[in-house]
Amino acid sequence: MAALLGCAILKKNPDTVVLGFNDSAQVLSLDSSAPEAVIGQFGNLALPEAQATAVLRTVVAQAHAALGDWPAARDHLALALRAVPQHEAAMLLSARVASVSGDAGGAMKWVDELLAARAGS
């Protein structure tokens, strides 16, 4: 039941992280309009589940990107992709970060990898 709740929450709000898939799933909603608060509150939070880690690291990366801190954004995206290697949101944000920071070739590489990961779906 909690897993279904987690899926429903994530579909309703992509900036939501489900911290647990037990009987009482803990839900963490991240306010992307306050990147400093996201970084301060969740930047060093460690989660045991790979999917939750990937979502959280991607949201923290997005907060760093909103502040123009490309190296920190890339670091958090690397952590997201280490947790879930083909995490689509992390791959897409990686392409955006590469593009905005002037790495057109890197951006295209991420787009190609994302398309390859989505092939057949």
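Contact here means heavy atoms within 4.5 Å of each other. Leu-77 touches Thr-58, Ala-61, Ala-90, Leu-93, Ser-94 and Val-97, when residues up to four places away in sequence are not counted.

A word on the model comes next. This is a predicted model, in which local features need pLDDT of at least 70 and side-chain atom pairs count only at pLDDT 80 or more, while totals for chains, interfaces and linings use all residues. Residues are numbered from 1 along each chain as its sequence is written, and side-chain values use heavy atoms, with hydrogens and water left out.

Now for the overall plan. The protein has six helices and two strands. Helices (H or I, at least four residues) and strands (E, at least two) are DSSP runs, numbered from the N terminus. Along the sequence, the pattern reads α-β-β-α-α-α-α-α. Of the 121 residues in the protein, 40% are buried. Buried means under 20% relative accessible area, exposed means over 50%, and partly exposed lies in between (1.4 Å probe, protein chains only). Take the contacts between residues at least 6 apart in sequence: 39% of them join residues at least 24 apart.

In soluble globular proteins, nonpolar side chains tend to be buried together. How does that look here? A nonpolar core is a set of buried Ala, Val, Leu, Ile, Met, Phe, Trp, Tyr and Cys residues joined through side-chain atoms within 4.5 Å. The largest such core has 15 residues, and Leu-77 and Val-97 have the most contacts inside it. Four helices each supply at least two residues of this core: helix 3 (50-66), helix 4 (70-83), helix 5 (88-100) and helix 6 (104-118). Helix 5 gives the largest share, five residues. Apart from this core lies another, of eight residues, including Phe-42, Val-59, Val-60 and Ala-63.

Follow helix 3 next. Helix 3 has 17 residues and reaches 24 Å from its first C-alpha to its last, close to the 24 Å expected at 1.5 Å a residue. That expected span is 1.5 Å times one less than the number of residues. Val-59 sits in helix 3. Val-59 counts as buried because its relative accessibility is 7%. Its C-alpha lies 9.0 Å from that of Leu-77, 18 residues away along the chain. His-64 is also found in helix 3. With a relative accessible area of 9%, His-64 is buried too. His-64 touches Ile-39, Asp-69, Ala-72, Ala-73 and His-76, again not counting residues up to four places away in sequence. Just after helix 3, Gly-68 takes a positive phi of about 80°.

How do helix 3 and helix 4 pack? Two packed helices are described by the angle between their axes and the distance between the axes. The axes of helix 3 and helix 4 come within 8 Å and cross at roughly 170°. That makes helix 3 roughly antiparallel to helix 4. Axes are lines fitted to C-alpha atoms, for helices over the stretch in contact, and angles run from 0 to 180 degrees between N-to-C directions. Angles over 145 degrees count as roughly antiparallel, under 35 as roughly parallel, 65 to 115 as roughly perpendicular, and the rest as oblique. On helix 3, the contact includes Thr-58, Ala-61 and His-64; on helix 4, it includes His-76, Leu-77 and Ala-80.

Helix 4 also holds Arg-74. Arg-74 is partly exposed, because its relative accessible area is 39%. Arg-74 touches Val-97 and Ser-101, not counting residues up to four places away in sequence.

At 44% relative accessibility, Ser-99 counts as partly exposed. After helix 5 comes Gly-102, whose phi is positive, near 90°.
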